[in-house]
Amino acid sequence: MIEIVIFAMGVGRVILGLAPFVAAGPSARLLGFPAQHDNPTARLMSRFFGVRDVGLGVLVFYGLRHPATLPFLLLFNGCTDFGDLLAITIPLVRRQGIDRGALASAAFALPAGIGWFVVFWLVSR
């Protein structure tokens, strides 16, 4: 059963990564980032983020086939999401005018990070 949950989390990670890769502008608007911030540089950075998340999801699939690596890969995914949360706090603390987009991003990162740590704990006990 836990493998199904982990697989679903990996699929979610890949889908989350594909969204900004194939539709960077609409993804940013959906999260609530200001329209004036939608430029080629922001879209490129969004695509980098997308490629990263696709890669993290693929690593989860690898871990399911290679159980010795799975705990590390789950922990790595969780740490990545908590790293995102740390990055999200910077524009919030500095009051850079992207609170809505940053908080929406945090709404993805926080539960995902917790989820990865929970499945890490379940697999590691």
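Start with the aromatic side chains, since a search of the whole structure finds 3 aromatic pairs, a pair being two rings of Phe, Tyr or Trp (its six-membered ring) with centres within 6.5 Å. Select Phe72 and Phe76, whose ring centres are 5.8 Å apart with planes at 25°, so that this pair is stacked; planes under 30 degrees apart count as stacked, over 60 as edge-to-face and the rest as tilted. Both residues belong to helix H4, where, being 4 residues apart, they are separated by about one helical turn; helices here are DSSP runs (H or I, at least four residues) numbered from the N terminus. Phe72 is exposed at 55% relative accessibility, whereas Phe76, at 38%, is partly exposed; the classes are buried under 20% relative accessible area, exposed over 50% and partly exposed in between, with a 1.4 Å probe and protein chains only.

Before moving on, note that this is a predicted model, in which local features need pLDDT of at least 70 and side-chain atom pairs count only at pLDDT 80 or more, while totals for chains, interfaces and linings use all residues. Residues are numbered from 1 along each chain as its sequence is written, and side-chain values use heavy atoms, with hydrogens and water left out.

Next, select Trp121 and Arg125: the charged end of Arg125 sits over the ring of Trp121, 5.1 Å from its centre, the criterion being NZ of Lys or CZ of Arg within 6 Å of the ring centre and within 35 degrees of the ring normal.

Go then to Arg13 in helix H1, which is buried, with a relative accessible area of 5%. Leaving aside neighbours within four places in sequence, Arg13 is in contact (heavy atoms within 4.5 Å) with residues including Arg52, Asp53, Asn77, Asp81 and Trp116.

Most residues other than glycine have a negative phi. Arg95 is not a glycine, yet its phi is positive, at about 55°.

Finally, display the 38 residues that line the largest pocket, of which Leu31, Phe33, Ser46, Phe49 and Ser105 lie nearest its centre. The elements that give two or more residues to this lining are helix H1 (2-22), helix H2 (24-31), helix H3 (40-65), helix H4 (70-93) and helix H5 (99-124). On a 1 Å grid over the protein atoms alone, a pocket is an open set of points where a 1.4 Å probe fits, with protein on both sides within 12 Å along at least five of seven lines, and lining residues have an atom within 4 Å of a point.
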